[in-house]
Amino acid sequence: MNLLSVSNLNVNFKMKKQELAALIDVSFTLNRGERIAIVGESGAGKSILGFSIVNLISKPGYIKSGSIKLENKELTKMNLRQLQEIRGKRIAMIFQDPMMTLNPVLTIGDQLVETIRSHTKITYKDARNIAIEKLHNVQIASPETRFDQYPHELSGGMRQRVIIASVLLLNPDIIIADEPTTALDVTIQAEILQLLLAICRDNGVALVLISHDLGVVSKVAERTLVMYAGHIVEEGPTLEIINDPQHPYTQGLLNALPQMTLPGQRLNQIQGSMPSLTERPTGCAFHPRCPYATEKCQQEQPSFIHSGVSSVACFLVEDMVNDFANQDEEDR
Amino acid sequence: MLIFLLRRLVQACFVMIIISVISFAIQDKLGDPVQQMVSMAVSSDEREQLREQLGLNDSFLNQYWRFAKGAIQGDLGTSYHYKEPALDVILKKLPATLELVFCAILLIIIVATPCGVLAAIKPKHPVSRLLMIISSIGLSVPIFIIAIFMVYLFSVEWNIAPSFGRGETTEILGLWDSGIFTKDGLSHLLLPSLSLAIALMPIFVRLIRAEMMDVLQSEYIRFAWSKGLSAKRIYFIHALKNTMLPVITVGGIQAGTLVAYTILTETIFQWPGMGFLFMDAVSRVDTPLVAAYLIVVGGMFVITNTVVDLIYGLVNPTVRLASHGL
Amino acid sequence: MATPLIQISGLEKSFSTNESWLGQWCFRQGKLARHKDSVHALNGVNLTINQGETLCVVGETGCGKSTLARAIMGLTQPTAGEIHYLDQRIDQLNDRQRMFFRRRMQMVFQNPYASLNPRMTVYQTLSEPIAFHQPQLSRIEIDEKIETLLASVGISASSSDSYPHEFSGGQRQRISLARALSVEPDFIVADEPLSALDVSVQAQVLNLMIDKQAERNLSYLFITHDLAVVEHFATRVAVMYLGRVCELAPTKELFSSPKHPYTRALLSAIPRLDSTTAQPIRLIGEVPTPIEKPIGCVFQARCPHANQRCYEELPKMLLQSDSSSVACHAIEEGRI
Amino acid sequence: MKYSKKDLIHPIAGSRWNHIWSGFVGDKLAVLALIIFIFYCLVALLAPLVAPFDVNDPAFMDLINSEIAPSWISHDSRFLLGTDAQGRDLLSVILYGTRLSLTIGICAVLIQATLGICIGLMAGYLGGRVDNFLMRCADIQLSFSNMMVAIVFLAIFQSLFGIAMYQQLAMVILILVIGLTEWPLFARTIRASVLAEKQKEYVDAARVMGISSKRIMFRHILPNTLSPVLVIFTVQIANAIVAEAALSFLGLGMPATEPSLGSLISEGFSYMFAGSWWICVIPSATLIILILAMNLLGDWLRDHLNPRTYKD
Amino acid sequence: TTLEIALNADPVSLDPHEQLSEGTLQFSHFTFDPLLRWEKSGQFEARLATKWQRLDAHTMRFFLRKDVTFHSGNPFSAKDVIYTINRLKTSPDFRAMFNSIASASIVDKYTVDVHATSPNPLLLNIMAYVFPMDQAFYQGRDEIIKYGKTFASQNVSGTGPFVYISRELGSRMELKRNPNYWDTNSPGNVNKIILTPIRTDSTRLAALFSGDVDFIFPISPIDIERTKRTSGIHLVTIPSTRILLLHMNQNRRQEFKDVKVRKAINLAIDQSLIVEKILKGHATPAGQLSADRFLGHVHDLEPEYDLRKAQDLMKQAGYEKGFRISMMAPNNRYMNDEKVAQAVAAMLARINITVDLKTLPKAQYFQEFDNHAADIMMLGWQSDTMDSNNLFEFIVACPNNKTGLGAYNASEYCRPSLDDNIHQANREMDQEKRIILLQQIEQTLYEDAAVVPLYWQSLSWAAKNKVKIQDIVNDQNYPYLGDLFIDE
Ligand SMILES: Nc1ncnc2c1ncn2[C@@H]1O[C@H](COP(=O)(O)OP(=O)(O)OP(=O)(O)O)[C@@H](O)[C@H]1O
Ligand SMILES: Nc1ncnc2c1ncn2[C@@H]1O[C@H](COP(=O)(O)OP(=O)(O)OP(=O)(O)O)[C@@H](O)[C@H]1O
Ligand SMILES: [Mg+2]
Ligand SMILES: [Mg+2]
């Protein structure tokens, strides 16, 4: 049984005049201890997906339809009290910007201890011991002194460690990490990623890593979802996606990386940029930028089909698969 | 800390010097103090003599020099009307004003904080809409109209609370005449502090609401939600403390408004405090008192701001007073 | 060898963090003393940029990359050191004297959402510098010029009356480039022009820069975090650490054989797609802040190879066999 | 650190003003407030035309007609809103009073804004000593309430021009007093915005282009700091009108011969107990509605322009 | 029983000789006793002097009450009276009045002779200002300083019905009944007085309505109707002798030299309407300066209002088109002074005189008044001696810096014959002849239209019904609280 299963999730923003769809029919599953990644360009809806799992979408946004199940519990139907039970304890989140994620007026210790004490009934002293232990786990030197410091007294990498410590406090089943290293230096990024990876492996925690950096993803995730304009366009094992991308968008994304061209040469750019929510085109959202777009792409939304180990939403692939199938049939 | 205070001190001196020059410059422009001291039948020669005695005929520089010399020794001149050192007169009235202001601030804090928080966390709720409407209206009604109608309704028509003065006072520690320990004193305090509070409340309700809404948008609040903390803890520990930072600064700035408002309230309610004294002194042409008042208020402003900065530093760990040099 | 386009020697810059005069007094050992806190953003940087080349500057946050760029552009006054543009010293010029060099050197900024004035249309943004630097041009000539400029960066001329918020990030960055190009410079400083952009859009902008370089024989000082871009784009790379250049090498050499311990750690930390590289080199210790002017090697605190000498003596930039230069005692001594 | 996420969110496409306008039409309260404000402005402008009586006519004030209740009570059709203690038609007096109050409010705020913007721009853009000095001045200015400044000014003006001149200049002086007292609010707000704007790269870009500081200040930075100014502007007009009313209430404002709303209220107050409530209540209501409208407008602007107003 | 009383001002000082003001005199009546005091009927009532007799034109003999003690316990005797008179002669404020007394001498322990410098018909009126002070108590520390603390300004020892307890200047004064008060016949039963000054009319009234105080003065004319209607409260109104008038400065304005113009102005101003509308009938329209209880009052000099005639006169004087003048009035000195001034300005507009009206707070107004800063200036005057001549001396006599005559003559009107009459009236001992003299002056003024008399202000007090104030108030506004009776 899946630890987490999201099916046909639709998230909308209720604006004054119109409803804007931020996520459209998103489905995926996550197994216990599995590490998946969600990649895509800015504005694809990655963060919204992350937040909607714990029902934390910011105000004009709401879950329009679909279900999110944690084991057998339906998260979308829960009231605040029940959600509070889940949040932090079962599903924990790490945010992008460590500078903004910790409350500047409370000490590190306060923020750690309150998390423990709001879920379990233990004394302050015990909670403090747990917190210090976790700080130690994330390789913070002299955790006792850090415990009483304020966030602004810590460097960015240090703060991200504290945040990781704070999500570990209650040994959650799932950690959602929304671009946990984008704001950090390369060297620190590597350390944090390693730390995260080690922790997930050691404790059997499932990880949802949200990132736009395929390099980062390839280091951490076993499976990858590629998002474009609110849709999941491709899903499959990370290695598969990197080595053999099916969807033209994924291909474009990978090809645009400087590594893919010889030094000094022009890069393989994708034309245009991702549409904003208000100007989403009809049919396949990628068709204006797609080099293979056909008439059909402009009108219809491709469905998600399995092709090999991965699944793709693209008529090109669909046609190809169908061709194969037809050929198979003909062959037979 | 010490450096911080020292810096404030230098600033205070600067402010004081400017204020003293200005307040002194108006000395003989308000009217003729001698006119207030003698009866109509006194001849102009006699008046001239008196003027001479008071040193009013000296040159401006001479007068200012005399004044400044005294001021350094804490002598801001002697009130014509009270015949006492102006500073003493003002300090005697200080408790009344402070009590009034204190009660008003207390009322504001007690009422405005929950209202602002409520309006921020439930912006669509009918109660918070009502709150916002009321505060909009409250913001638009000038304090003197509020005070006038309070007197009219509460004391004249309904006879609930006394309309003027401080009522019975008790002396504590021999230096503070307090009205807050007797029932009578408290009942006298009711209307003035209420109207002062009502006049300033909307500003704070709206400010707290706006700040709180801002804070509630921030990442760390979202993070707190994602940790599964209770709503109470998030609103009152995480959000409120951050909300209070700008509120404190604005509060410090509102001190000037508060002074203006105390003048109005005290005048209307005959509250025997500094503001009333000031208006009285102006109409009596008691210029030393006027000058002293301006100086004292300037000083109080500097003190308030220092205190506000200190509090700000206490609440906000990122502003270390130490970094100002300890 | 021809004279380099830009020559920077011994550049230093420190920012004082307590501006106000009274704030500078504090108690030290029971005595009142005046003390200026300052951040040493640059501590003696020597660099040259040749005609037509791309010099990439990499380094971690706060190491002084932007300060370097701003000092070259005259946006901050360096504390010490010299900057030459083709033999002419430009670091001490006033605004008037600098005018000539403004046309020769231009800059592209990091944040595409902040680097264009939101209250000015594209046309206004571009026409302002043109009209300013070439007052002899007539209205029509300016219009023509803007049209060609926009076309050359791939923005349709019809959108010249639009405001910046109507464009996407990549388009804005291209408009910024157009603005820089409008005065026809031969040197452009680009301070992380790609870091705010998505991969696909990044490619567009980078392509444009490559095109322009080929077209006009531009030289770039290119600041970035992204080593993949560096590898692709740079002619030479300068690695900075805490206000100093610690390694300067042609791109190929740097990536194939990084020498300075910091460079090594940096390169090992890049999350690459393909390789299944070994563990990244872990740097221990805190990232230092440049409050105190360092004695000895700036990397001492985090360097795994540091010895006593590193704490005491400033390492010099020494030319290596493969035409790269490194400032490291350990390499000098052959310890690594 | 790389740059913050907030800037990344795409602004909504379409012209900014279009967007604001469309949001405006959607908000009934804001429209109502605007209509009320425009109505007041029109009335103030056209007071000589719409007022049933000419207040400058010597025959306007006739004691015989004093204290006539509004026409719906007294059924005296000559005076719609009744008359005051001097026998002046209340409607006409209020119309002229509104004109005065609005003029004082708007002119005073114009002075505040000009002063505040220049000082704020200078302090924010030049920074350092200049900034320090100007902001200290603002602090000192703030430590005086306008009540006190008014008294100081009255005294100084009186000694400069003599008491007789003073009353002719009362309006100008009030404008100056109110205008000169509240500039720190503008200055600080502008300074805060300028400090934020100055960080933005378009300013550096302009400097790199060699554009002069003055032009950068006024052509590049200033337009970007105007939304908070707009908000404060509306709110400050309300405040200025209230300040004038308060000064008049204390007897420091407009002379009785040229009543503003404040002096009308203060005068009418003494008739409250006597039963001639309309002399006080009608001008009060006029004032409150005007200020409410201004505040609502300010609120709406604040919500929609989402500016950074001065906080610290 | 305790009486809480709210007045518009409190005495500046406890020293009865420091300032000649209403507040001081009221206070003097509370804590001191005069030798004699005015009765409502206009007669003198014997207080510390039991009787008096005129010895000659210059001298008057006073017989003093025996067995009276001061609050300090010292016995009261003739030396205290002498002491007080001598002290009065040194007081800057009282000096002007007491200059006419050459000396006072002890006849025996309870008899005093007072010698005037010249035959003085008003000696008794002046002696009403003598509130004997406790010589033994004050002696040696009795300096009078306008500006500074003195012993006398902080300590009181009189013979009056109330003993001073404490005060907080500007907000509260407490007095208690003198247990040894000599006047045992007095119906007064007030044991304690708490006096609060409240400046604002409406606040004061609100305080009475809300029951915070028992007795207030004054009531603004505007509120009189309302006060009358309020149950549990009663109102007492007495016409006073304070005259309000307008000065037309003849030296500033050529036009005012013409009697026709002055007459026209007098005719154009409708005193009755002003009194009716602005003062709500709370004053008496005046056609002359002397109130009806003054000797100079001429019965048929009524205020005239005739717009047509006024316009005619203006035409005759050649000013049909009118002219523009300046006018100043105080705005916080007299009841509704500002409104009256506005009304006057409006009325003058009817005869084409355009008035630039300025109203100032009293602190500034009297400075301007001394400078005769405007063409028309408003003045209110109450005669200290309750005699017409005091009015004439200050208001219409030719200005003379040396003698101090005409100190408040902002008309700069000067008619030497009038001055002669004033001078004569000052020493005319024959009442009948004196009346003729004074009435003659009043008549001349009227014909000359020297000033514009407006009205005599009335005084109003209001109190709770149980406080029987009607018996103790008088037209000089010295409520004799010692005799106040409060129903239990
Ligand atoms: N509060 C909001 N109101 C309106 N639109 C929003 C809101 N929050 C997000 N959006 C829009 O929803 C879309 C998806 O946003 P989301 O934050 O999930 O993107 P993302 O993939 O996480 O991008 P990034 O890589 O920049 O974090 C974007 O187009 C964004 O503009
Ligand atoms: N105006 C300034 N005042 C004070 N300190 C400054 C100022 N500008 C830069 N600094 C400091 O100088 C150091 C170098 O800053 P700089 O912006 O050059 O770094 P950077 O390498 O560009 O970093 P990033 O990668 O984050 O852009 C930093 O420690 C920074 O805090
Ligand atoms: Mg995101
Ligand atoms: Mg930088």
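Reader: First thing: how far apart are the nearest C-alpha atoms of chain C and chain E?

Author: They are 43 Å apart, and chain C and chain E do not touch. A contact here means heavy atoms within 4.5 Å. Bear in mind that this is a predicted model, where local features need pLDDT of at least 70, side-chain atom pairs count only at pLDDT 80 or more, and totals for chains, interfaces and linings use all residues. Residues are numbered from 1 along each chain as its sequence is written, chains are lettered from A and ligands numbered from 1 in the order in which they are written, and side-chain values use heavy atoms, with hydrogens and water left out.

Reader: OK, what about chain A and chain E, how far apart are their closest C-alpha atoms?

Author: Those lie 48 Å apart, and no contact joins chain A and chain E.

Reader: So which chains have the most contacts?

Author: Chains B and E do, among the eight pairs of chains that touch.

Reader: Let's look at chain B then. How many helices and strands does it have?

Author: Chain B has twelve helices and two strands. Helices (H or I, at least four residues) and strands (E, at least two) are DSSP runs, numbered from the N terminus. Reading chain B from the N terminus, the order is α-α-α-α-α-α-α-β-β-α-α-α-α-α. The C-alpha trace of chain B spans about 85 × 60 × 40 Å along its principal axes.

Reader: Which residues of chain B does UniProt annotate as "transmembrane region"?

Author: The unreviewed UniProt entry gives that annotation to residues 9-27, 98-121, 130-154, 189-208, 243-264 and 290-315 of chain B. Such positions are given in the numbering used here, feature names are shortened, and annotations may be inferred rather than shown by experiment.

Reader: What does the chain do over 98-121 and 243-264?

Author: Residues 98-121 of chain B are 100% helix and 0% strand, with end C-alpha atoms 33 Å apart. Residues 243-264 of chain B are also 100% helix and 0% strand, and there the end C-alpha atoms lie 30 Å apart.

Reader: Switching to sheets. What's the strand order in chain C's open sheet of four strands?

Author: The order is E4-E1-E6-E7 (chain C), with antiparallel pairing. Two strands pair if DSSP finds at least two bridges between them. Strand E4 (38-49) and strand E7 (88-89) of chain C are the edges, each pairing on one side only.

Reader: And how many bridges join E6 of chain C to E7(C)?

Author: Two bridges join strand E6 (residues 80-85) of chain C to E7(C). C:His84 stands opposite C:Arg89 in E7(C).

Reader: Now chain E. What joins E4(E) to E5(E)?

Author: A hairpin does, through four residues. Strand E4 (residues 49-54) and strand E5 (residues 59-64) of chain E run antiparallel and share five bridges. E:Met60 in E5(E) is the bridge partner of E:Arg54. E5(E) also has five bridges to strand E7 (residues 111-116) of chain E, again antiparallel, and there E:Phe63 stands opposite E:Thr111.

Reader: Last topic: holes. How many cavities of 30 Å³ or more turn up?

Author: A search of the whole structure finds 16. On a 1 Å grid over the protein atoms alone, a cavity is a set of points where a 1.4 Å probe fits but cannot get out, and lining residues have an atom within 4 Å of a point. Grid points are joined across faces, edges and corners, and a volume is the space filled by probe spheres set on the points.

Conventions: On a 1 Å grid over the protein atoms alone, a cavity is a set of points where a 1.4 Å probe fits but cannot get out, and a pocket is an open set with protein on both sides within 12 Å along at least five of seven lines; lining residues have an atom within 4 Å of a point.
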